[in-house]
Amino acid sequence: MASIRFNYYLGAWGDCMELSGKVAVVTGAGRGIGEEIAVQFAKEGAIVVVASLHAQECDDTVKKISAARGRAIPFQCDVSCAKDVKKLFEKTLKEFGKVDILVNNAGIFPFVQFKDMTEEQWDKVIDVNLKSVFLCSREAASSMVKQGRGGKIVSVSSIASIIGYPNLVHYCASKGGINAFTRALALELAPSKIRVNAVLPGGVKTPGVGELDEKVLKGIESGVPLARMGQPVDIANAVLFLASDKADYITGQTLVVDGGSTIKD
Ligand SMILES: NC(=O)c1ccc[n+]([C@@H]2O[C@H](COP(=O)([O-])OP(=O)(O)OC[C@H]3O[C@@H](n4cnc5c(N)ncnc54)[C@H](O)[C@@H]3O)[C@@H](O)[C@H]2O)c1
């Protein structure tokens, strides 16, 4: 009797999960926002392919997920490299036979004054932040179309795509590119029931942003109507929503998650 009840509860719990049985590739999932997306997806029943530049980071995220009884595998790769991206999706299909969700999260944001910006610095940011979105989405969409059951692509853009930031011209351009890419691809993939959306975070506390001293943090927070910096989970929750069936009538959209920073005059 106890075991019947236990199974019943397991079943009910399983039904409640947003991504039960889905296979999700999350890029840049070794730390920061991407790590949190991977953890939240696994909590919701997804099998997660943790793709990131550094093998150790991938392993750490997978360990965290496994410790919480989730399912994940690590995959070390450079998402700006077409060969690596091909291997990432070959591995995903070999292991799990399908891909249902892609989250394009990997990104870099090196500060450099425009007058000093080199062609190499420009290319690097555009390749890691924007070309990677093209490469990963191309592989994912090709599988999703063949599978014939639709799919979800969510990219992590930035509010830097809609407001300007000095010393980040290349970054702003790459993120603006993601927004335009999202709208165009959403139209092209709509007949295949593949939804394509983007989330635009404001400032989020992550290892990439680094330690902020009290004064800088206070300055940032004073510019946010909700009076705090974002946490990775704030962004993960929005990505989870867009990747779930609850967003089934939403495509081509850019969802701002910034505590209200961009609505002030
Ligand atoms: N943190 C913020 O304030 C903020 C704000 C707006 C948008 N974003 C965006 O959110 C995303 C994540 O940012 P974060 O703050 O968590 O960054 P982070 O630096 O803490 O983590 C980035 C992750 O991406 C991985 N990565 C970097 N280059 C890669 C490559 N070439 N191939 C594979 N993986 C690579 C890193 O190894 C790392 O695991 C980025 O796209 C960033 O532009 C961040």
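## Chain and helix packing

The chain has 8 helices and 7 strands; helices (H or I, at least four residues) and strands (E, at least two) are DSSP runs, numbered from the N terminus. This is a predicted model, in which local features need pLDDT of at least 70 and side-chain atom pairs count only at pLDDT 80 or more, while totals for chains, interfaces and linings use all residues. Residues are numbered from 1 along each chain as its sequence is written.

The C-alpha atoms of the chain fill a box of roughly 70 × 40 × 35 Å along the principal axes. Of the 265 residues, 43% count as buried, that is, with 20 or more other C-beta atoms within 10 Å of their own, the C-beta atoms being placed from the backbone.

Two packed helices are described by the angle between their axes and the distance between the axes. Here helix 2 and helix 8 pack at an angle of about 55°, with their axes 8 Å apart. Axes are lines fitted to C-alpha atoms, for helices over the stretch in contact, and angles run from 0 to 180 degrees between N-to-C directions. Helix 2 and helix 8 are therefore oblique to each other, since angles under 35 degrees count as roughly parallel, over 145 as roughly antiparallel, 65 to 115 as roughly perpendicular and the rest as oblique.

The residues that meet are listed below, contact being C-beta atoms, placed from the backbone, within 7 Å.

| Helix | Residue range | Residues in the contact |
|---|---|---|
| Helix 2 | residues 32-43 | G32, I33, E36, I37, Q40 and F41 |
| Helix 8 | residues 232-243 | P232, V233, I235, A236, V239 and L240 |

Terms used. Two residues are in contact if their C-beta atoms, placed from the backbone, lie within 7 Å. A residue is buried if 20 or more other C-beta atoms lie within 10 Å of its own, exposed if 12 or fewer, and partly exposed in between; C-beta atoms are placed from the backbone.
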